[in-house]
Amino acid sequence: MKNRLAVALALALGLTAPLFAADKAATAAPAAAKADMSHNPFAKPSTLPFQYPAFDKIKNEHFVPAMEAGMTEQRAEMDAIADAKDAPTFDNTIVAMEKSGQLLNRATTVFFNLSGANTNDDIEKIQAEMAPKLSAHQDAIALNAKLFARIQALYDKRDTLGLDAEGKRLIERYYTDFVRAGAKLNDADKTKLKEMNAELASLQTQFSQNLLKENNASAIVVDSKDELKGLSDAAIAGAAEAAKQRKLEGKYVIALQNTSGQPALAQLENRAVRERLQKASVNRASHGGDFDTRAIVAKVAKLRAERAALLGYENHAAYTLEDETAKTVKAVNDRLAQLAPPAVANAKKEAAELQAMIDKEKGGFQLAPWDWSFYAEKVRAEKYSFDQNQLRPYFELDNVLKNGVFFAANKLYGISFKERKDLPVYNPDVRVFDVTDANGKPLAIFLVDYYARDNKRGGAWMNEYVSQSGLFGTHPVVANHLNIPKPPKGEPTLLSFDEVNTAFHEFGHALHGMFSNVKYPRFSGTSVPRDFVEYPSQVNEMWATWPEVLKNYAKHYKTGEAIPQELVDKVLAAEKFNQGFATTEYLGAALLDQSWHQIKASQAPEAAGVLDFEAAALKKAGVDFAPVPPRYRSAYFSHIMGGYAAGYYAYIWSEVLDADSVEWFKENGGLQRKNGDHFRQTLLSRGGSEDAMQLFKDFRGRDPDVKPLLERRGLTAK
Ligand SMILES: [Zn+2]
């Protein structure tokens with residue numbers, strides 16, 4: 001996942017992707033509230049290398065004054081541009097806008113990164129307070145008629161301004177951003193839009209805060225070690241430790257990951273415990289109680305539909321997809337409809353195999369969702385004679401990171417990494433690396449924040465603290481976040497194969513940020529369409545199992561012995577295993593997302609109807625196969641409450657490009673500098689400075705082909 005945090009709130013609403021961070025409330029803060037900024041660490045760019053944030057100096061009380069002052073400053077900058085007597089020029093309007101809002105950007109970037117990775121009560125309160133204000137600030141800029149008139153004037157004569165391609169594209173981007181944000185609405189509708197945006201911003205904040213609390217509250221408590229049979233000693237020790245932290249000494253706590261499926265389900269032998277865990281997971285935030293999100297989900301769907309109508313679109317999906325490489329609702333629906341039937345058919349075949357295993361063991365029950373992973377492991381063990389747990393000893397965290405992720409990047413791009421301990425971090429588990437380019441020049445700073453914490457949201461994502469831009473001469477400061485359970489003190493961190501893949505995936509996003517070589521911040525790194533941004537990260541996953549890479553990092557944590565070739569072969573052979581399940585649960589979520597965003601406001605259910613709406617949507621799309629619930633259910637589907645609204649299809653959409661690019665690497669000799677350099681030059685360094693699909697063609701030499709994806713997922717007609 002890729003998080004664009006500086007503008008997370010506004011963007012999460014799916015409104016637009018302007019880079020002028022976020023905005024200030026239309027009403028100025030009362031003079032009395034004007035805080036002293038002289039000792040605020042956000043007042044000036046950080047003096048640390050590459051403007052790395054001074055985490056040791058940043059305190060919770062600095063955020064609100066910095067954001068307020070930042071909004072005031074940017075508002076003044078924008079007013080000066082809008083009210084200028086001089087005729088609009090590229091420099092006095094567009095570039096001036098690019099340069100505005102730096103204080104606000106510094107403060108919101110750190111703030112939203114920390115609200116995801118390391119939140120606390122103060123940050124939550126600030127977020128709830130600031131969300132509508134930031135949304136209003138953004139609207140105040142986007143709906144400023146004088147400002148838009150200048151952009152429009154430049155847009156109309158953009159071909160005659162003597163600009164280079166990136167400059168011309170920047171004008172077009174600003175024009176589109178403003179129009180999509182409502183610049184062409186009449187005043188009455190602009191007022192309505194502002195109210196909707198503010199309300200959506202508040203609802204979205206509530207959703208994420210409810211969900212974090214609900215996730216913690218839904219962790220299951222197990223009384224005896226006996227019931228945890230099947231889990232590794234390390235996992236049991238972790239569960240005991242988690243219980244201790246919750247003052248439940250002597251018991252065991254299994255925390256929830258953010259997906260419907262839970263990793264422990266693959267190992268827990270006790271069926272009743274599995275059932276409890278699975279039910280706690282899928283009923284999350286929809287069983288009543290303080291943190292139930294159904295009312296929020298229903299309200300957001302309705303408001304988004306109303307807003308889309310106000311902006312002249314059929315529905316929210318139509319509004320969102322227009323600005324993606326997919327372009328239309330039909331294109332997305334067609335792709336999902338093409339994939340769903342074969343995926344479900346595969347899942348049903350897999351279910352039959354699992355049922356056969358249950359019957360062979362005289363289980364005497366029908367396969368239920370909480371049985372899937374457990375029996376899938378058994379079938380995997382039988383068919384490919386290995387289980388996932390055999391792999392863990394070869395996937396020690398430091399090995400995976402340095403001898404896997406970094407090693408592959410070094411081979412492909414010539415970049416190297418050196419850990420440094422002198423820079424401040426927001427949590428002692430965070431590690432910092434200098435990244436040096438092939439030519440010996442400093443390239444970026446990379447933060448690694450891999451461990452799960454109660455105050456960190458679920459899932460994995462990349463974000464940036466500083467984005468590359470030629471205009472400012474800035475270098476990237478990029479972070480990767482995972483949620484790997486932290487082992488008890490002194491124990492090694494042994495990853496699952498999934499977690500290894502995720503580390504490579506997120507690092508693919510990181511490379512996209514680090515290699516950025518554009519002039520304007522608006523186009524930096526991962527500022528590309530949502531349904532394109534997952535593509536480079538997915539490509540990077542290919543190196544996790546590339547023999548030369550795998551051999552280099554997959555070494556037994558005790559003996560240092562390389563993973564046996566036999567086991568490698570089995571891992572590779574098993575890659576298509578369980579793909580029916582994986583594709584079906586993914587498509588379930590993607591179709592659910594589209595259903596919520598292809599409705600008119602009048603079709604949005606009330607809170608009590610959310611689960612029925614969900615069931616009907618899955619049934620209609622033909623993905624209502626009970627043993628395989630969608631990867632996320634509506635009540636805990638953070639992606640679509642945030643920036644992936646109507647955009648969760650993007651993963652499989654990008655995977656077409658990914659699978660086709662993997663073929664290119666294979667055709668051209670795989671892990672080689674010349675290949676990495678070609679990918680970097682044509683695509684990774686270009687950010688959003690050129691049309692995304694053109695970048696793909698520049699890299700691949702032709703249009704994308706869907707075949708490699710179908711083969712990879714076992715979806716070719718048989
Ligand atoms: Zn991603």
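The largest cavity is lined by Val-297, Val-300, Ala-301, Arg-304, Trp-596, His-597, Ser-634, Ile-640 and Met-641. The model is a predicted one. In this model the largest cavity has a volume of about 60 Å³. A search of the whole structure returns four cavities of 30 Å³ or more. Three helices each give at least two residues to the lining of the largest cavity: H11 (294–310), H21 and H23 (638–641). H11 provides the largest share, with four residues. Six of the lining residues are nonpolar, two are polar and one is charged.

Helix H21 spans residues 579–597 and packs on helix H22, residues 610–620. The angle between H21 and H22 is about 115 degrees, and their axes lie 9 Å apart. The crossing is right-handed. On the H21 side, the contact is made by Gly-588, Leu-592, Ser-595 and Trp-596. On the H22 side, Val-610, Phe-613, Glu-614, Ala-617 and Leu-618 take part. By class, the contact of H21 with H22 holds six nonpolar residues, two polar and one charged. Trp-596 belongs to this contact and also to the lining of the largest cavity.

Helix H18 (residues 530–540) packs against helix H24 (residues 650–667). Their axes come within 7 Å and cross at roughly 40 degrees. H18 and H24 are therefore oblique to each other. H18 passes H24 in a right-handed crossing. H18 contributes Arg-530, Asp-531, Phe-532, Glu-534, Tyr-535, Gln-538 and Val-539 to the contact. These residues meet Ala-650, Tyr-651, Trp-653, Ser-654, Glu-655, Leu-657, Asp-658, Ser-661 and Phe-665 of H24. The residues of the contact between H18 and H24 comprise eight nonpolar, three polar and five charged.

H18 also meets helix H17, residues 497–514. The axes of H17 and H18 come within 7 Å, and the crossing angle is roughly 125 degrees. That angle makes H17 oblique to H18. The crossing of H17 past H18 is right-handed. H17 presents Phe-504, His-505, Phe-507, Gly-508, His-509, Leu-511 and His-512. From H18 come Val-533, Glu-534, Pro-536, Ser-537, Gln-538 and Asn-540. Five residues of the contact of H17 with H18 are nonpolar, seven are polar and one is charged.

Two residues of H18 link these contacts. Glu-534 and Gln-538 meet H24, and Glu-534 and Gln-538 also meet H17.

Methods. Residues numbered from 1 in each chain as written. Predicted model: local features only at pLDDT ≥ 70, side-chain atom pairs only at ≥ 80, totals over all residues. Heavy atoms only, no water. Axes fitted to C-alpha atoms, helices over the stretch in contact; angles between N-to-C directions. Parallel < 35°, antiparallel > 145°, perpendicular 65-115°, else oblique. Left-handed = near helix turned anticlockwise from the far one by under 90°. Contact = heavy atoms within 4.5 Å. Nonpolar A, V, L, I, M, F, W, Y, C, P; charged D, E, K, R; others polar. 1 Å grid on protein atoms, 1.4 Å probe; cavity = no way out; pocket = protein on both sides within 12 Å on 5 of 7 lines; lining within 4 Å. Points joined across faces, edges and corners; volume = space filled by probe spheres on them.
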